[in-house]
Amino acid sequence: MLWRPALVLFAAPLLYTGDGLQAQDPLDIVRRSVERDWTDYGSVKDYIYQERTEFRQYAKDGKLSGNRNETHEILILGQRPYERLIARNGQPLSEDETRKEREKLDREAAKREHESGAQRAKYEEKRSEERQFIREIPDAFTFRLDGAETVSDQPAWVIVAEPKSGYRAVHSDAKIFSKVRARIWIEQATYHWVKLEALVLETLWFRSGLVRVAPGGTLNFQQTRVNDEIWLPSSILVRADARVALVKKVRAEFDIRYSGYQKFQSDSHIVTDHGN
C-alpha cells in the first residue's frame, strides 16, 4: 500500500439523543462515542469493498510533480480483512501480476483456514490493543459544542476539540493528541464519528521518526451511511509539508477513497476475473 496508518443546520440549544436523554455536554457526547465503537470498527469485517490510495506530490511552485495510485480489493478471509492489489495508476494489473496476487491470496486463505482458535484470538487482541489510545481522547482535549449539521442525511453534533493544557499521554500513540486541533461530527442517534477535520499545530513524527509532518498539515475524514445500518469510511485526505527520512522535503497529499461496499456472505465466492 502507498499509505495507511453538510448542510449546516444549527440546532436549538437543547439536544436529545436517540434514547431521549439530554446530551448537551460535549464531553459526555465524546465519552459516549468512544465507549460505543466510534467508527463501527468491529463491523467493517462484515463488508467487502475497494480502497483507492493516491499519493500526489507538488513542486515549490505548487504544480503537480508526481502522482501515483493503487487500488486494493478488501476481501474477507478467515473472518478478517485481506487486501488484494487489483490496479496501479488507474490500470488493471498485468496477467503476470494478477496471477501472483492470486497465488498470494490462495496461500493466505490456506493459512487462515488452518489457524487455531488461539491464533485468531491473538489477532483480535492485537486489534483491540492498537485502539486503546482512542480511549484517551476525552482526557486529551477540551470540547465545545458548535451546533449541528447533517451528514448522509443524519443529524450530527459538531464539536470543536482543543488540546488540553498539561495533558500527558499514557499510550505512546496518544501523544499526537496534544499536537492537533479538530472539529468532530458525531451522529446523534448512534454516536459514531461521521466526519473529522484536524489541523496539525506542532510537528508530528511517524514511522519511527522517518517522516516529519510540519505544522499546518490537515486531515479530513468522512464516513457514509451504508444499507441504512452502518457507518463506513468514504474518504481520507491528508495535506502536508513533510520531510521524509529527515532529508527530502515534499509537499504532498494522500487521498484515500472507499467504494463498492457489499455485505459479505459466508458462502460468497471470490471473483478473480476483473473483466479480462
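**Salt bridges in a predicted chain**

The model is predicted: local features need pLDDT of at least 70, side-chain atom pairs count only at pLDDT 80 or more, and totals for chains, interfaces and linings use all residues. Residues are numbered from 1 along each chain as its sequence is written, and side-chain values use heavy atoms, leaving out hydrogens and water.

**Overall**
- The chain has four helices and 14 strands, taken as DSSP runs (H or I, at least four residues; E, at least two) numbered from the N terminus.
- Of its 276 residues, 38% are buried.

**The E115 and R80 pair**
- The structure holds 23 salt bridges, each a side-chain nitrogen of Lys or Arg within 4 Å of a carboxyl oxygen of Asp or Glu.
- One of them joins E115 and R80 at 2.8 Å, N to O.
- E115 sits in the loop between helix 2 (95-113) and helix 3 (117-130) and R80 in strand 4 (residues 80-88), so the pair ties together parts 35 residues apart in sequence.

**Partners of R56**
- E253 bridges to R56 at 2.8 Å, N to O.
- E253 is in strand 14 (residues 248-263) and R56 in strand 2 (residues 47-58), 197 residues apart.
- D255 also bridges to R56, at 3.2 Å, N to O.
- D255, in strand 14, is 199 residues from R56.
- Both D255 and R56 are buried, and E253 is buried as well.
- A salt-bridge network links R52, E54, R56, R239, E253, D255 and R257.

Conventions:
Buried < 20%, exposed > 50% of the residue type's maximum accessible area, 1.4 Å probe, protein only.
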